[in-house]
Amino acid sequence: MKRVFLIVLDSFGIGAEPDADRFGDVGTNTLRSISRSDHFRIDNLKKAGLCDIEGVDFLSGFAGHYGAVGRLREASAGKDTTIGHWEIAGLISPSPMPTYPHGFPDDVIAAFSASVGRGVLCNLPYSGTKVIEEYGEEHMKTGKLIVYTSADSVFQIAAHEDIVPVEELYDICRKARSILKGRHAVGRVIARPFKGGPGGFYRTENRRDFSLEPTGTTLLDELKKAGRDVISVGKIRDIFASRGVTEAVVTHNNTEGMAAALELQKRDFNGLCFVNLVDFDMLYGHRNDADGYAKAIAAFDEWLPGFVSGMREGDALIITADHGCDPGDISTDHTREYVPMIAVGKSIKPVNLGTRSTFADVGATVGEMLGVKCDISGKSFYMEITSENKVYADLMNRAEAARNNSYSPYSGFSVGAALLCSDGKIYEGCNIENASFSPTICAERTAIFKAVSEGEREFEAIAISGGRHGEISDTCSPCGVCRQVMTEFCGAGFKIVLRTENGIKILTLKELMPLSFTKGEL
Ligand code: THU
């Protein structure tokens, strides 16, 4: 059982990205702004390595921090929550989600109107409370829908619950969702029901978001497909329009989100627990409240050691963010910033990864940690941060790559092997099957025979990675025939590098073949 807890501190940016000028965000830095507050306390984050991340030079580092750290740049063209989370999950968006500073174009409104059989009022960026104050009465008289937007990529529909019953409004939103595709694929369609009368209109709690489905494969899809648990805490489920999520815990704020993560830590599951802590952004970043933000970070900082001490052998915790929202900036919008990456776990070592080019590296890493081959963007840094021996970790990477050549249509089980010779050369092999099953050869023997036929006679180690297609099994250890072949060519100290639940395990040939039959017996 392997568990990854991936926590997104919503909007916790650590400094403007090189292209911040294109977003009007030059010089922004969420962390630096909140660090000036009297309420700012991050002793535990510091011990994990936050202040040793590249560019966080305005705060003093911590010699001997225990986490692996890195700074991540956003490869997507955007700075919003959805695009940021999708990128963390391995889906890069080359164009931003559309926004409508002058309202939606006529053809969109006409199609929407025709589809729902009602007229439209407003169609401009508006404050949610003002819009019902100003258009509520006319809406009640005519039954026309109040459509408005904001600086975000949203299509919002306000309607009085007595005029348009909530279920009907949700249906209207679904229709809007099906129209808002392609060029007009807004991030969210939002139902905004309200009640009351002129002068006293108020919004009800029946708001509902209809998110855009991810436009490509994400880490969540791949994990679910491979049978892993994908547990959403907070708004993760919404951000991914439920796709790839196997279970969701509803939370409303940071306190509930952190409590939910602690509860889940006590439970057995095999996969990902993906948490979004929303208060940083929603309550403080957007309101330019640096003190509030600093207090919220201090609360997270206080929560951290308890969580870390409850981590099990195979667990990993990754802390990151989806964009910035500098409360010290004049605007209240998100800011185009680098985000931090801190990884913590019993077999994660305190390396500094410098700056990486995409948030997607997190998704690729989580996939590898969980032993699932994911067809997503990003480059895994797992092998760089595990405390396992680098030579063997690299050898395992080569074995994993060799698996791609496996010819295993009959068993559906692909295996790759990488054999390290004493002269430093590495020979790879994969399993090759046959319609008449018995001529099948294992990956290990392919690699060994390849090397022997090239004249190699001295061997150090072999790494083996295998599993059902698309999966990496924890325990793909060599079959008896391969062990016998190893006995022929390799000494008792020859090392067999296997994947286990908690990373890499190294066994000697003697351990695998204690009473072996050798040429000495003849
Ligand atoms: N296989 C290997 O390549 N190596 C092992 O250590 C175990 C089994 C292959 C043989 C066959 O193609 C498939 O896995 C299922 O047995």
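Colleague: Which helices each supply at least two residues of the lining of the second largest pocket?
Modeller: This is a predicted model, where local features need pLDDT of at least 70 and side-chain atom pairs count only at pLDDT 80 or more, while totals for chains, interfaces and linings use all residues. Residues are numbered from 1 along each chain as its sequence is written, and side-chain values use heavy atoms, leaving out hydrogens and water. Helices (DSSP runs of H or I, at least four residues) and strands (E, at least two) are numbered from the N terminus. The helices in question are H12 (360–369), H13 (382–385) and H14 (390–402).

Colleague: Which helix gives the largest share of that lining?
Modeller: A pocket is an open set of points on a 1 Å grid over the protein atoms alone, where a 1.4 Å probe fits, with protein on both sides within 12 Å along at least five of seven lines; lining residues have an atom within 4 Å of a point. The second largest pocket has 23 lining residues, with Ala364, Glu368, Ser380, Asn397 and Glu400 nearest its centre. The largest share, 5 residues, comes from H14.

Colleague: Between which domains does the second largest pocket lie?
Modeller: An automatic or database assignment sets the domain bounds, and here it gives domain 1 (3–90 + 215–386), domain 2 (106–211) and domain 3 (390–521). Two of these give residues to the lining, so the second largest pocket lies between domain 1 and domain 3.

Colleague: How far apart do the C-alpha centres of domain 2 and domain 3 lie?
Modeller: Domain 2 covers 106–211 and domain 3 covers 390–521. The distance between their C-alpha centres is 61 Å.

Colleague: Which residues lie nearest the centre of the largest cavity?
Modeller: A cavity is a set of points where the probe fits but cannot get out. The lining of the largest one has 4 nonpolar, 3 polar and 3 charged residues. Of these 10 residues, nearest the centre are Lys2, Gly314, Asp315, Ser347 and Tyr382.

Definitions and conventions: Nonpolar A, V, L, I, M, F, W, Y, C, P; charged D, E, K, R; others polar.
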